[in-house]
Amino acid sequence: MKPYILAVMIFLSSILILLISPPIIAAEVIILSVSGIRGPYCAYGLEKRLLEIEGVIRVDLLWKEEKIRVIVAKDKKITIDDVHRAVSRADYPYNYTIIP
């Protein structure tokens, strides 16, 4: 198979996946400033614990900004205390703040 045909097939497959994927509808986005986060171990621990909160549908680590974006489902509400407990369970050793 010619390389350009393979590239076109991959491109078209990507578009198809985007078109059939259900959109993420978020009611709330919470941003945590996590200065000091340096490696994947801390990031994974935070992501894992934040995803355990009922209603959290996605967690994005924004490395360059040293922030974490927590996306909450449209029909769910989480509290600041839920976030604090999740970070505490992750044993995150640095200071963090929740950005309003």
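This text walks through the fold of one predicted chain, from its elements to two of its residues. Residues are numbered from 1 along each chain as its sequence is written. Because the model is predicted, local features need pLDDT of at least 70 and side-chain atom pairs count only at pLDDT 80 or more, while totals for chains, interfaces and linings use all residues; side-chain values use heavy atoms, without hydrogens and water.

Start with the elements. The chain has three helices and four strands. Both are DSSP runs, numbered from the N terminus: helices are H or I with at least four residues, strands are E with at least two. From the N terminus on, their order is α-β-α-β-β-α-β.

Next, look at contacts. Contact means heavy atoms within 4.5 Å. Take the contacts in the chain with a separation of 6 or more: 66% of them come from residues 24 or more positions apart.

Now go inside. Of the 100 residues, 25% count as buried (under 20% relative accessible area; exposed is over 50% and partly exposed in between, with a 1.4 Å probe and protein chains only). In soluble globular proteins, nonpolar side chains tend to be buried together. A nonpolar core is a set of buried Ala, Val, Leu, Ile, Met, Phe, Trp, Tyr and Cys residues joined through side-chain atoms within 4.5 Å. Here the largest one has 18 residues, and Leu32, Leu50 and Ile68 have the most contacts inside it. At least two residues of this core come from each of β1 (26-33), α2, β2, β3 (67-73) and α3 (80-89).

Follow Leu50. Neighbours within four places in sequence aside, leucine 50 touches Val56, Val59, Ile68, Val70, Val83 and Ala86.

Two helices meet here. The axes of α2 and α3 lie 8 Å apart, at an angle of about 140 degrees. Axes are lines fitted to C-alpha atoms, for helices over the stretch in contact, and angles run from 0 to 180 degrees between N-to-C directions. That makes α2 oblique to α3, because angles under 35 degrees count as roughly parallel, over 145 as roughly antiparallel, 65 to 115 as roughly perpendicular and the rest as oblique. Leu46, Arg49 and Leu50 of α2 meet Val83, Ala86, Val87 and Arg89 of α3.

Finish with two residues. Lysine 48 sits in helix α2. Its relative accessible area is 39%, so lysine 48 is partly exposed. Glutamate 52 lies in the loop between α2 (40-51) and β2 (56-62). Glutamate 52 is also partly exposed, at 41% relative accessibility.
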